[in-house]
Amino acid sequence: MKQNLLDFDAAGLTAWFAGMGEKPFRAKQVLRWLHQFGEDDFEQMSDVARSLRGCLAELAEVRVPQVLRDATAADGTRKWLLDVGNGNAVECVFIPEENRGTLCISTQAGCALDCAFCSTGKQGFNRNLMTGEVIGQLWRAKKALGDFRGAGGGAADRRTAETDLSADRIISNVVLMGMGEPLANFENVVTALHLMLDDNAYGLSRRRVTVSTSGILPAMDRLRDECPVSLAVSLHAPNDALRDRLVPINRKYPLAELMAACRRYLEKSPRDFITFEYVLLDGVNDSEEHARELIRLVRDVPCKFNLIPFNPFPASGFKRSPALRVRRFAEILMQARIITTTRKTRGEDIDAACGQLAGQVRDRTQRREKRTITIAEAAS
Ligand code: SAH
Ligand code: SF4
């Protein structure tokens, strides 16, 4: 198969070009064509030597996941279902707001971590997305929204190469909060992050790129050292007994260690706080006592809270907390001077709300079968 150029960051492309005897500035030129102009036809890369264009056409390609479905919700939220082969599909969502446009992207087909309230987790895990499939979501969305530079670039046309006004872009922020656990696909995700931050590619500031993790500790430390971007941590419970149940990875990396890792992360973070995500589940983790316990837990971690109303899906077994209880929970945190926002649910009419991204995944873990066997064994 031909080499997908979207799998490379600047360092990777430079090394690959060096293997063909090409100079580093050639790699920079091609990187710009790919990621600033959204060009996927080598023949159109006018300042690239004709002989190199011929070479690229022979050895390489620009492989972007194909769109299976493209839906826009009443509130402007737009969701793409993308084919990643072998009957697997992942989702990617654009959320327009007054002062920014956020793209939420996926990092794995499925997820092995099996959080109790997550529809992606319920599908099991199939595979890690390649770098080109992660960055390909940003590429596709920019193409569809007219957010690349150059011909047909729309808003992007008004920018010059010198001004980096992220806020001016249609997609000003990227969050890795779609399907999958980004830090369980570390190498590919970090390569994609390099492209998001690279001034010869997407040129986003570190503050505008957020990785969301359920708390894979060693990978949090690596991210801090290799590519510190904004970090969101999915907390969802104030004590180990409850978190063990809701976020099973907690059995391996319990809360005290997670809090210590958050403090370490902040030593190099582009922001001076961690965002804690907390899904409110009716009667499970949403009492006033839970809120108070939470304040004690995060006492030594500079943080903000983002409360997420649970988005139900068939047979989840959980219910969304009533609005009044959500408000009370937020109030208690804010009284402790913790900045707390409650996430608006967006795109519900197209199943694009947080945690609803389902795509379709072939479950290689065959979790359901395993469960059936356990039950059968217990019964015999
Ligand atoms: N795996 C990463 C990122 C993807 S999930 C993580 O867990 O952080 C992104 C966010 O959606 C997480 O905070 C996750 O807990 C939350 N989420 C999952 N299922 C949800 C649901 N049904 N309703 C609301 N939020 C959900
Ligand atoms: Fe995976 Fe995140 Fe869903 Fe947990 S919440 S199963 S880590 S995608």
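A residue counts as buried under 20% relative accessible area, as exposed over 50% and as partly exposed in between (1.4 Å probe, protein chains only). The model is predicted: local features need pLDDT of at least 70 and side-chain atom pairs pLDDT 80 or more, while totals for chains, interfaces and linings use all residues. Residues are numbered from 1 along each chain as its sequence is written, chains are lettered from A and ligands numbered from 1 in the order written, and side-chain values use heavy atoms, without hydrogens or water.

**View 1. Phenylalanine 313 in the loop between S13 and H11.** Helices (H or I, at least four residues) and strands (E, at least two) are DSSP runs, numbered from the N terminus. Phenylalanine 313 is buried, at 16% relative accessible area. Leaving aside neighbours within four places in sequence, its contacts (heavy atoms within 4.5 Å) are Phe117, Cys118, Ser119 and Lys122. Serine 119 is 194 residues away along the chain from phenylalanine 313, yet the two C-alpha atoms are separated by 6.9 Å.

**View 2. The shell around ligand 2.** Which residues surround ligand 2? They are Cys111, Leu113, Asp114, Cys115, Cys118, Gly121, Gly180, Glu181 and Ser214. To be included, a residue needs a heavy atom within 4 Å of the ligand. By class, the shell holds four nonpolar, three polar and two charged residues. Here Ala, Val, Leu, Ile, Met, Phe, Trp, Tyr, Cys and Pro are nonpolar, Asp, Glu, Lys and Arg are charged, and the others, Gly among them, are polar. Cys118 of this shell is also one of the contacts of phenylalanine 313.

**View 3. Two positive phi angles, at alanine 315 and arginine 337.** Most residues other than glycine have a negative phi. Alanine 315 is not a glycine, but its phi is positive, at about 60°. This residue lies in the loop that runs between strand S13 (303-309) and helix H11 (323-335). Alanine 315 is exposed, because its relative accessibility is 84%. Arginine 337 is not a glycine either, and has a positive phi of about 65°. Its place is the loop between H11 and strand S14 (339-342). Arginine 337 is exposed too, with 76% relative accessibility.

**View 4. The buried side of helix H10 (residues 288-297).** Which residues of H10 are buried? They are His290, Ala291 and Leu294. These three share one side of H10, because they cover an arc of only 100° around the axis. The arc is taken from the directions that run from the helix axis to the C-beta atoms. An α-helix has 3.6 residues a turn, so residues three or four places apart point the same way. The cover over the buried residues of H10 includes helix H8 (240-246), strand S12 (274-280), S13 and H11.

**View 5. Histidine 290 in helix H10.** Histidine 290 has a relative accessible area of 16%, which means that it is buried. What does histidine 290 contact, leaving aside its neighbours within four places in sequence? The partners are Pro238, Leu242, Tyr278, Val284, Asn285 and Phe329.

**View 6. Valine 233 in strand S11 (residues 230-234).** Is valine 233 buried or exposed? Valine 233 is buried, since its relative accessibility is 0%. Sequence neighbours within four places aside, valine 233 touches Thr213, Met220, Leu258, Cys262, Ile274, Thr275, Phe276 and Glu277.

**View 7. Phenylalanine 8 in the loop between strand S1 (3-4) and helix H1 (10-19).** Phenylalanine 8 is buried, at 13% relative accessibility. Phenylalanine 148 lies 140 residues away in sequence from phenylalanine 8 and 19 Å away in space, C-alpha to C-alpha.

**View 8. Asparagine 99 in the loop between strand S5 (89-96) and strand S6 (101-104).** Asparagine 99 is exposed, with a relative accessible area of 61%. How many residues along the chain lie between asparagine 99 and aspartate 168? They are 69 residues apart, and their C-alpha atoms are separated by 9.0 Å.
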